[in-house]
Amino acid sequence: MAALAAVALAEVLGRAAGWGALGPGDADTNRVAVTFDDGPSDQTPALLEVLSRHGVRATFFVTAPACVAHPAELRSLLDAGHQIEAHGRWHTHALLLPPWREWAQLRWHPRAADSGPHLYRPPYGGHSPLTRLLARVHGRRVALWDVEGRDWTHADAATLARQTLERTRPGSVILLHDGPAVTPALLNRLLAGLETRGLTAVTLNELPARRITLRAGLGRLRASYGG
Ligand SMILES: [Zn+2]
């Protein structure tokens, strides 16, 4: 019973509210951050081309298996000056990892040897009761988002870009994926739309991402559970 309560609390406080994790930046800037999960992939060169055309640097949360499968694409992300952070040694929800594997999950980072900060975005935003503790142990900062590009759906690029722009505010952290075929075209429209609104896309470090406060967490809870 206590274990179940701990799991429920991790889901509500950790993932849905996101309390204490990094979320959007200040609302009184003209900056937003575009982030990509799950890469590198076969789509990375196309994303790099669009980013370069718009003169934008983004943040890529990469997984260990994708880095092994796409070393050249990882190299080109680093060479182009994008921010590279961890999305896990396994692309697995935290609740499906036994504690010793979650320890290894938080330990892995594509720039582990560099000086920090080292960010970690949990797959699916998922939290176990140990996630925040293990992040602290390994010196990782959990990084979430406030706007989903929904590029895993079957909608077309124009629709997804319009819906993403509608939800984007100054300071927003936008979640896209390095993998879906639609994402480069979506990104191109999104960046053009941001430019029209006078918003500048930067990396999470440049935003900078802020810790999600009690008040902001309550708003996220309402949005997450549809209240
Ligand atoms: Zn992911």
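Which residues in α2 meet residues in α8? In this predicted model, Ala46, Leu47 and Val50 are the residues on the α2 side. Their counterparts in α8 are Thr183, Pro184, Leu187 and Asn188. By class, the residues of this contact comprise 5 nonpolar and 2 polar, with no charged residue.

The geometry of the pair was then examined. Helix α2 spans residues 44-53, and helix α8 spans residues 183-196. Their axes come within 9 Å and cross at roughly 10°. Angles under 35 degrees count as roughly parallel, and α2 and α8 are therefore roughly parallel to each other. The crossing of these two helices is right-handed.

Helix α2 also packs with helix α4, residues 71-79. Here the axes come within 10 Å, and the crossing angle is roughly 15°. α2 and α4 are therefore roughly parallel to each other. The crossing of α2 and α4 is left-handed. Thr44, Pro45 and Leu48 of α2 make this contact with Glu73, Ser76 and Leu77 of α4. The contact of α2 with α4 holds 3 nonpolar residues, 2 polar residues and 1 charged residue.

The largest nonpolar core contains 48 residues. Ala33, Ala143, Ile174 and Ala201 have the most contacts inside this core. Among the contributing elements, α8 gives the most, with 5 residues. Ala33 touches both Ile174 and Ala201. Further contacts of Ala33 include Thr59, Val173, Val202 and Thr203. Leu204, Leu207 and Ala209 are also touched by Ala33. Residues up to four places away in sequence are not counted here.

How values were computed. Residues are numbered from 1 along each chain as its sequence is written. This is a predicted model: local features need pLDDT of at least 70, side-chain atom pairs count only at pLDDT 80 or more; totals for chains, interfaces and linings use all residues. Axes are lines fitted to C-alpha atoms, for helices over the stretch in contact, and angles run from 0 to 180 degrees between N-to-C directions. Helices (H or I, at least four residues) and strands (E, at least two) are DSSP runs, numbered from the N terminus. Angles under 35 degrees count as roughly parallel, over 145 as roughly antiparallel, 65 to 115 as roughly perpendicular and the rest as oblique. A crossing is left-handed if the near helix is turned anticlockwise from the far one by less than a right angle, and right-handed if clockwise. Two residues are in contact if their C-beta atoms, placed from the backbone, lie within 7 Å. Ala, Val, Leu, Ile, Met, Phe, Trp, Tyr, Cys and Pro count as nonpolar, Asp, Glu, Lys and Arg as charged, and the others, Gly among them, as polar. A nonpolar core is a set of buried Ala, Val, Leu, Ile, Met, Phe, Trp, Tyr and Cys residues joined through C-beta atoms within 7 Å. A residue is buried if 20 or more other C-beta atoms lie within 10 Å of its own, exposed if 12 or fewer, and partly exposed in between; C-beta atoms are placed from the backbone.
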